[in-house]
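Below is a set of questions and answers on one protein chain. The sequence and the coordinates come first.

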Amino acid sequence: GVGLSVHGHFRVATEKTLFAMPETAIGNSSPFMLVGFFVLFITGLFPDVGGGYFLPRLSGKIGYYLALTGFRLKGRDVQKAGIATHFVDSEKLPALEKDLIALKSPSTENIADLLNSYHVK
């Protein structure tokens, strides 16, 4: 899931995107949060290697917050947090896919230019 795909050069989110790492939320609703963290540590239920690498590298402290709380990000917030590189309206995804397939020489620059043309600011 996220731990693998987040390392891609381009990551597109839509208004339907949901970023979640539910394994990080186990035990966090209890007043004994430390017990929850202990359970996460003992059972191995913590962000995977990919998540453990990229979450602390997000700007500010958002990655720590997501890892510690299991909070979910939706839509544009995924891009604002730095997890997605581009935000595209979901209704435009078929056209974007068609244009990506039609690229004659799919270089990083060509793909970036195409994604930027679909990117909604």
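Q: What pattern does the chain follow, read along the sequence?
A: This is a predicted model in which local features need pLDDT of at least 70 and side-chain atom pairs count only at pLDDT 80 or more, while totals for chains, interfaces and linings use all residues. Residues are numbered from 1 along each chain as its sequence is written, and side-chain values use heavy atoms, with hydrogens and water left out. The chain has seven helices and four strands, where helices (H or I, at least four residues) and strands (E, at least two) are DSSP runs numbered from the N terminus. Read along the sequence, the pattern is α-β-β-α-α-α-β-α-β-α-α.

Q: What is the mean pLDDT of the chain?
A: pLDDT is the predictor's confidence in each residue, from 0 to 100. It stays under 50 over residues 30-45, for which the model has 14 contacts (heavy atoms within 4.5 Å) beyond four places in sequence. In the chain, 74% of the residues reach 70 or more, and the mean pLDDT is 80.

Q: What percentage of the accessible surface belongs to carbon and sulfur atoms?
A: Accessible areas come from the Shrake-Rupley method with a 1.4 Å probe; for residues, only the protein chains shown count as cover. Buried residues make up 31% of the 121 residues in the chain, with buried meaning under 20% relative accessible area, exposed over 50% and partly exposed in between (1.4 Å probe, protein chains only). The accessible surface comes to about 7800 Å², and the part belonging to carbon and sulfur atoms is 63%.

Q: Which residue has a side chain joined to that of H86 by a polar contact?
A: H86 lies in strand β4 (residues 86-87) and has a relative accessible area of 7%, so it is buried. Beyond four places in sequence, its contacts include F10, R11, Q79, L115 and H119. A polar contact is a pair of N or O atoms within 3.5 Å; within protein, one must be able to donate a hydrogen and the other to accept it, and residues adjacent in sequence count only if both atoms are side-chain atoms. At 3.0 Å, such a contact joins the side chain of H86 to that of N116.

Q: Is H119 buried or exposed?
A: H119 lies in the segment after α7 (108-118). Neighbours within four places in sequence aside, H119 is in contact with Q79, T85, H86, F87 and V88. Its relative accessibility is 18%, so H119 counts as buried.

Q: How many aromatic pairs are there?
A: A pair of aromatic rings is described by the distance of the centres and the angle of the planes. Rings of Phe, Tyr and Trp (its six-membered ring) pair if their centres lie within 6.5 Å; planes under 30 degrees apart count as stacked, over 60 as edge-to-face and the rest as tilted. By this rule the count is two.

Q: Why is the pair of F19 and F54 edge-to-face, and how many residues apart in sequence are the parts that the pair ties together?
A: The ring centres of F19 and F54 are 6.3 Å apart and the planes are at 80°, so the pair is edge-to-face. Both F19 and F54 are buried. F19 lies in strand β2 (residues 18-19) and F54 in helix α3 (residues 49-54), so the pair ties together parts whose separation in sequence is 35 residues.

Q: What is the angle between the planes of Y65 and F71?
A: Y65 counts as partly exposed because its relative accessibility is 42%, and F71 counts as partly exposed at 43%. The two form a tilted aromatic pair, 5.7 Å centre to centre, and the angle between the planes is 50°.

Q: How far from the centre of the F87 ring is the charged end of R76?
A: A charge sits over a ring if NZ of Lys or CZ of Arg is within 6 Å of the ring centre and within 35 degrees of the ring normal. The charged end of R76 sits over the ring of F87, at a distance from its centre of 4.2 Å.

Q: How far apart in space are I83 and A13, C-alpha to C-alpha?
A: I83 lies in the loop between α5 (76-80) and β4, and its relative accessibility of 6% is why I83 counts as buried. Leaving aside neighbours within four places in sequence, I83 has contacts that include F19, F54 and L66. I83 and A13 are 70 residues apart in sequence, and their C-alpha distance is 8.8 Å.
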